[in-house]
Amino acid sequence: MSMATFDAIGGRVALRVPLRALVVCLCLTVAIATVLLWSLMTGSYPLESAQVWATLIGNPPSDTAATVVWQFRFPRTLVAFIVGAFLALSGATLQYVTRNPLADPSLVGVSQGAALVVVTFTILFPEVGIFLRPFLAFAGSLIVAVLVLAASSSRQRGGETLRFILMGIGVAALISSFTSALLTYGNVDRAMAALGWLAGSVHSVGWKEVVWLTATAALVIPALLVAARPLSAIRFGEETAISLGVQLRRARLALVALAVALAATAVAAVGPLGFVGLVAPHLARKLAHSGVGLHLLLTGLTGALMVGLADFVGRTAFAPIQIPAGLVTAIIGVPVFVILILKTQGRNQL
């Protein structure tokens, strides 16, 4: 495996990373920039690349172009990228912590917990401000995550993966039934607004969502990258992690909290987007083998590209009808989930 070496602090610190992983990171970044440009150009009011660039630097060809780019397309595309990265990083963290390749925020009930709390307040307490959504979603997700982890734990060794998956699916189904009851018997107008949000749509987002997502990223992602070292130990098993000095219980709780914060903030912004957290970590691992830290970077870029591309396809494929990004990611994710289940059974891990 070809390695690239980077020296820092006068050569006292050296970092060796796989060259292939760096090339893949660059390719993913270019792909994200390309999707961004396509998204800003394409729509009912088409623009050329030169017009988009002029608008971004403050010389729009018309007031309409400035409004379309700055008020609609740009914030929507940014939100899609950030949400995709959040869900992907959340899924990767849960997979490392549980040592379960099938862990995903939407599969084990974390996304459903956030959705239930947000829908409850949307229908029953509509006066609650939009900036409280991330905190409410975080509370709902954290409760579900702790419940699933506690219920799937056992003093008996073996079967943890099966218990975790089954418990997560059961809790997710129970929470979804409560959400459906609220939508059925709640105020019709509020229920319709909640239904549009539950579809995983990026249609109505704006700069408010960009602000709170960026603030969350500034707080959580650096902490997650710092946590790459304990994650590297945890993935080799409890005994190995403890022998390397990792305080296992505290590290797990902190990492689950980080994963929940990422998933809850993403769900609060656009609604549940299924299977992004499941597919992106595996796809990143297929693209390039690397350590935990670099894998998290690859996973974030892959998730951003997935949701950004899903939103672009949903917005343009059947225009003027717009397909929610959540539907597009589900179409991609379900076959991948089935393949992973079959592979996992083949390895006798369930």
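**Ground rules.** I'm working with a predicted model, where local features need pLDDT of at least 70, side-chain atom pairs count only at pLDDT 80 or more, and totals for chains, interfaces and linings use all residues. Residues are numbered from 1 along each chain as its sequence is written, and side-chain values use heavy atoms, with hydrogens and water left out.

**Entry 1: α3 with α13.** I looked up helix α3 (residues 63-98) and helix α13 (residues 292-316), and their axes sit 7 Å apart at an angle of about 140°. Helices here are DSSP runs of H or I, at least four residues, numbered from the N terminus. Axes are lines fitted to C-alpha atoms over the stretch in contact, and angles run from 0 to 180 degrees between N-to-C directions. That angle makes α3 oblique to α13. Under 35 degrees counts as roughly parallel, over 145 as roughly antiparallel, 65 to 115 as roughly perpendicular, and the rest as oblique.

I then checked who touches whom, with contact meaning heavy atoms within 4.5 Å. The α3 side includes Arg-73, Phe-81 and Tyr-96, and the α13 side includes His-295, Gly-303 and Asp-311. By class I get eleven nonpolar, six polar and four charged residues. (Ala, Val, Leu, Ile, Met, Phe, Trp, Tyr, Cys and Pro count as nonpolar, Asp, Glu, Lys and Arg as charged, and the others, Gly among them, as polar.)

**Entry 2: α1 with α13.** Helix α1 (residues 19-41) has an axis that comes within 10 Å of the α13 axis, crossing at roughly 25°. α1 and α13 are therefore roughly parallel to each other. Among the residues in contact are Val-24, Ile-32 and Trp-38 of α1, plus Leu-298, Leu-305 and Phe-312 of α13. This contact has 16 nonpolar, four polar and one charged residues.

**Entry 3: the cavity.** How many cavities of 30 Å³ or more are there? I found one. A cavity is a set of points on a 1 Å grid over the protein atoms alone where a 1.4 Å probe fits but cannot get out, and lining residues have an atom within 4 Å of a point. The largest cavity holds about 50 Å³ of space, the volume being what probe spheres set on the points fill. Its lining includes Leu-94, Val-110, Phe-164 and Val-256. Helix α5 (residues 133-152) gives the most to that lining, with three residues. By class the lining has eight nonpolar, no polar and no charged residues.

Conventions:
Helices (H or I, at least four residues) and strands (E, at least two) are DSSP runs, numbered from the N terminus. On a 1 Å grid over the protein atoms alone, a cavity is a set of points where a 1.4 Å probe fits but cannot get out, and a pocket is an open set with protein on both sides within 12 Å along at least five of seven lines; lining residues have an atom within 4 Å of a point.
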